[in-house]
Amino acid sequence: MEERVLAFWKERDTFAESTRQRQGAEPWVFYEGPPTANGRPGSHHVLSRVFKDIFPRFQTMRGRFVDRRGGWDCHGLPVELEVEKQLGISSKPEIEAFGVAEFNARCRESVLTYLDEWERLTDRIGFWLDTDRAYRTMDTAYIESVWWSLAELWKHGQIYESHKVVPYCTRCGTALSSHEVAQGYADVDDPSVYVRFPLTDGDAALLVWTTTPWTLPSNQAVAVDPRVTYAEVELGDERLILAEALVSQVVGEDARTLRTLAGEDLIGATYEPPFPWIRGAHRVFAGDFVTIEDGTGVVHLAPAFGQDDHEVGVREGLDAPNPVDLQGRFTGTVPLVEGQFFKDADAALIDDLRERGRLLKSGEYHHSYPHCWRDGSPLIYYAMPSWYVRTTVVRQRMIEENAGIGWRPAHVRDGRFGKWLEGNVDWAISRNRYWGTPLPFWRCACGESEAI
């Protein structure tokens, strides 16, 4: 039956006729969000293409002109990873050794490998789509249209470059957008450590909690909430300082409170860093992000590896040293774990803290951690320069427009999509890779910049 229907449509050119008859009618615009054509289509593609077919058919039946033009996503990491597999390589240095120009040529060839299979699937499921005029993101005309869009944003001051902490994949060698990060969260067990930071003035130590011991060698500061009450407690023969509300939870009922003090009284105090390799302020600063829901109310800051940390570092003039290279391995700056992958360095660092009497206690913390949605490797939050579109300037307008959209199911409007709009951050558009649209921003030696 299905074959007869498809043959009937093809014989009478029904799809093309449905658009020809509606020439000049009110348009309903549909440009397919393009699939990447360098892999075979799967059953999940059938489902998405059914949805892409239902709405244009419905609008066509209402008499609207729906120019259903297909497209192919030809750029990006999925294509590069496919070519890496073909070449038996797995890193950016290997790509550069092979030759970027030749690598890109292989990417261009790979993109078109499975095009016929995609078109066969499109026909077989009765998806009405004009693939004869399909756009391809690698074509010059398409790239120039992207350049035009970016140049328009540039003219209106909506594009900028900034040194920010971004989610970075060490395997792929590039930053990821918040949308990409959202696709790769996985539940993991990470170390949970409580570490003593002895104050340089007095006998007490700040008690710091972290689930990323590998960032402790880069510590330059700690943050407290000036409005929170802290307690100096006696535990055995030592004195520890932490948020009063967390004393029993963290150190138990046996701890005796010697005194309480406001967080603002701690600001400016200096302490001995957990490791000796990085110099810096090692001072207590104020932080409005400090919580007393968990931890100790004293937050360790490594400005190279966290957004809040970085903002405090910029505000206080810290130099944000980074002892982890772009492949995620420790450099010689931290000799104890030199050459180790950042996530693998936790054990040795914890052992060293324990041997030197700096570790109060340790355990495991079960939580959701972001991984690269392409290869499953853990992401690292890394301070590096990136280009951004200033999407936050239209955040409120997007929220207002979203309120008037007829979502099905209705809960998505104020739920998943609405929450995403409320948490919108500026869109990181640059990638440190090879097969993609080059950004059209140029700087003159004189300091002037322009978008082509």
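Let's begin at one ring: which residue lies over the face of tryptophan 128, and at what distance from the ring centre?

Modeller: That's arginine 57, at 4.1 Å from the centre of the tryptophan 128 ring. Keep in mind that what we're looking at is a predicted model. As for tryptophan 128 itself, it is buried, because its relative accessible area is 13%, and the cut-off for buried is under 20%.

Searching the whole structure turns up 20 aromatic pairs. Among them is the one between tryptophan 9 and tryptophan 128, an edge-to-face arrangement with 5.0 Å centre to centre and 70° between the planes. Tryptophan 9 sits in helix α1 (residues 2-12), while tryptophan 128 is in the loop between α7 (115-124) and β2 (130-136), so this pair ties together parts that are 119 residues apart in sequence. Tryptophan 9 has 25% relative accessibility, so it counts as partly exposed.

Now look at glycine 126, which also belongs to the loop between α7 and β2. It is buried, with a relative accessible area of 9%. Leaving aside residues up to four places away in sequence, glycine 126 touches Leu6, Trp9, Asp53 and Arg57. From glycine 126 to tryptophan 9 you count 117 residues in sequence, yet their C-alpha atoms are 9.1 Å apart in space.

Moving on to the other rings, phenylalanine 197 and tyrosine 271 make another pair worth a look. Start with how well covered they are: phenylalanine 197 is buried at 0% relative accessibility, and tyrosine 271 is buried at 3%. Going back to tryptophan 128 for a moment, its ring is buried too, at 13%. The ring centres of phenylalanine 197 and tyrosine 271 are 5.2 Å apart with the planes at 40°, so this pair is tilted. It links distant parts of the chain as well: phenylalanine 197 is in strand β5 and tyrosine 271 is in the loop between α11 (263-266) and β11 (283-286), 74 residues apart.

Tyr168, Trp214, Phe305, Phe341, Phe342 and Tyr382 come together as one aromatic cluster. And there's another charge over a ring: the charged end of lysine 343 sits over tyrosine 369, 4.0 Å from the ring centre.

Phenylalanine 197 gives us a way into the strands, since it lies in β5. Strand β5 (residues 185-198) pairs with β6 in the antiparallel sense, over 6 bridges; for example, valine 193 has threonine 210 as its bridge partner in β6. The two form a hairpin with 5 residues between them, and glycine 202 in that turn has a positive phi of about 110°. β6 also has 3 bridges to strand β9 (residues 238-243), this time running parallel, with alanine 204 partnered by arginine 239. How well covered is β6 (residues 204-210)? 7 of its 7 residues are buried, so the strand is largely enclosed by the rest of the structure. One side carries Ala204, Leu206, Val208 and Thr210, the other Ala205, Leu207 and Trp209, and both faces are covered.

Strand β7 (residues 221-224) is covered on both faces too, with Ala221 and Ala223 buried on one side and Val222 and Val224 buried on the other. It runs parallel to β11, joined by 4 bridges, including valine 222 to valine 284. Through 3 bridges, β7 also pairs with strand β12 (residues 299-301), here antiparallel, and alanine 223 has valine 299 as its partner there.

Finally, a helix pair. The axes of helix α4 (residues 77-87) and helix α6 (residues 100-111) come within 9 Å and cross at roughly 105°, so α4 is roughly perpendicular to α6. On the α6 side, the residues in contact are Phe103, Arg106, Cys107, Ser110 and Val111, and they meet α4 residues including Val79, Val83 and Leu87.

Note on methods: Residues numbered from 1 in each chain as written. Predicted model: local features only at pLDDT ≥ 70, side-chain atom pairs only at ≥ 80, totals over all residues. Heavy atoms only, no water. Buried < 20%, exposed > 50% of the residue type's maximum accessible area, 1.4 Å probe, protein only. Pairing = 2+ DSSP bridges. Phe/Tyr/Trp six-rings, centres within 6.5 Å; stacked < 30°, edge-to-face > 60°. Lys NZ or Arg CZ within 6 Å of the ring centre and 35° of its normal. Axes fitted to C-alpha atoms, helices over the stretch in contact; angles between N-to-C directions. Parallel < 35°, antiparallel > 145°, perpendicular 65-115°, else oblique. Contact = heavy atoms within 4.5 Å.
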